[in-house]
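This report describes a predicted model. It covers a metal site, a ligand site and a helix.

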Amino acid sequence: MDNQGYVFSFGPWNIHEGADPFGPTVRESIPFNTKLAEYKKLGFDGVQFHDDDAVPKMNDLSKDQIIAEATAVKKKLDEHGLKAEFVAPRLWEDPRTIDGGYTSNDPACRQYAIDRSLRCIDIAKALGTDLIVFWLAREGTYIRESKDSRDAVKKIVEAIDTMFAYDKTIRIAIEPKPNEPMDHTYIPTTGHAIALGMLTSDASRVGVNIESAHAILAGLDPSDEMGFALAYDKLWTVHLNDQNGLKFDQDKTFGAVDLRRAFNQVRILDKHGYDKTGSMVGLDIKAMRSQKADVATKHLSNSREIFLRLLEKSRTLDAKAEAQLIAARDYEGLEMLVINHLLG
Ligand code: XUL
Ligand code: MN
């Protein structure tokens, strides 16, 4: 199936061992190099990274060692004809980020978060990308009185300004998520992320990464969140997936729960020329824990195929009938037009 001008990406963590909070891994770990060899076969050209996906155990290495390792990964990407899309600092596993990264109450821990973010920039540059993704995992609280929400926002802004001063070219795409692991996070929606950017020293360098499941967990429609970001020219990448209601972040195959909701995400992207912005169509999806190891990459190729099939549906919806029904305010008719089209 032709990519229709879109470039698809995913992160190595999307081929995973199946552990969940209640049970251990159920599939063997696949080495990073073996995963890289899968990308093209599955129809993908872009690789998303956490900083330590590219440079494992980076906390034990010097800046020069980190850059040398990341440069070696860039060589591997080139050999496979792949491009790094973004790098995200992993600020949620180290003991120093238990109480948050940039918003930790401990200044030494906040400094660790900033230092780690600067090394993440070094890695991004060595991999040949200027895009940093911020999933602000632990920037929030379990107990509201433990932090001050106004000061927390200022601290995140300060961290971004420090990163912008360190490197003049990087851009930051904030990936909002309302909860999990925290009870409440400080930047829960697209609107918060874009508004936060306005407080930084260079708002033009702050955009968003919208994940379908995160929007759904916030009680919002992902396609409307995307429309909001597109109106600001801030949609710099997406994490398409699906989510069955308000529970843990499921990272299900795109369109697997609500095909029409997926259709509307593809539609808003395609109607507004997302394929021409240079941004990739990123996926953030996990194979079900029950999936056998020898077929545990199907969620990736299936999600891409569903995107492309919905793209075809979006482009072939009868535009004249659609316009007439809107003009007549016959939205029941419009609903049936869409449903009939999706049912084929
Ligand atoms: C967490 C999540 C992360 C980010 C990258 O819910 O989606 O994987 O996408 O750090
Ligand atoms: Mn994500």
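## Manganese site

The manganese ion (ligand 2) is held by Glu-175 (OE), Glu-211 (OE), His-239 (ND1) and Asp-284 (OD), at 2.0 to 2.2 Å. Along the chain, the donors of the manganese ion (ligand 2) are spaced as E-x35-E-x27-H-x44-D. Distant parts of the chain are linked by the pair Glu-175 and His-239, 64 residues apart. Glu-175 sits in the loop between β6 and β7 (184-185), while His-239 belongs to strand β9 (residues 235-239).

The arrangement around the manganese ion (ligand 2) is octahedral because its six donor atoms subtend angles of 80 to 168 degrees. For six octahedral donors, the ideal angles at a metal are 90 or 180 degrees.

Are Glu-175 and His-239 buried or exposed? Glu-175 has a relative accessibility of 5%, so Glu-175 counts as buried. His-239 is also buried, with a relative accessible area of 2%.

## Ligand 1

Among the residues around ligand 1 are Trp-13, His-50, Trp-92, Trp-135, Lys-177, His-214 and Asp-249. Glu-175, Glu-211, His-239 and Asp-284 are also around ligand 1, and these four residues coordinate the manganese ion (ligand 2).

A polar side-chain atom of Glu-175 is 2.7 Å from an oxygen atom of ligand 1. For Lys-177, a side-chain N or O atom lies 3.0 Å from an oxygen atom of ligand 1. A side-chain N or O atom of His-214 is likewise 3.0 Å from an oxygen atom of ligand 1.

## Helix α6

Helix α6 (residues 190-198) has Thr-190, Ala-193, Ile-194, Leu-196 and Gly-197 buried. These residues lie on the same side of α6 because they cover an arc of only 155 degrees around the axis. The elements covering them include α5 (149-166), β6 (171-174), β8 (206-211) and α8 (222-231).

Definitions and conventions. Residues are numbered from 1 along each chain as its sequence is written. Chains are lettered from A and ligands numbered from 1 in the order in which they are written. This is a predicted model: local features need pLDDT of at least 70, side-chain atom pairs count only at pLDDT 80 or more; totals for chains, interfaces and linings use all residues. Side-chain values use heavy atoms; hydrogens and water are left out. Buried means under 20% relative accessible area, exposed over 50%, partly exposed in between (1.4 Å probe, protein chains only). Helices (H or I, at least four residues) and strands (E, at least two) are DSSP runs, numbered from the N terminus. The arc is that of the directions from the helix axis to the C-beta atoms. Contact means heavy atoms within 4.5 Å. Donors are N, O and S atoms within 2.8 Å of the metal (3.2 Å for Na, K and Ca); water is not among the atoms, so sites may look incomplete. Four donors count as tetrahedral if all angles lie between 85 and 135 degrees; four count as square planar and six as octahedral if opposite donors are over 155 degrees apart and all others between 65 and 115; anything else is irregular. A residue is near a molecule or strand if one of its heavy atoms lies within 4 Å of it. A polar contact is a pair of N or O atoms within 3.5 Å; within protein, one must be able to donate a hydrogen and the other to accept it, and residues adjacent in sequence count only if both atoms are side-chain atoms.
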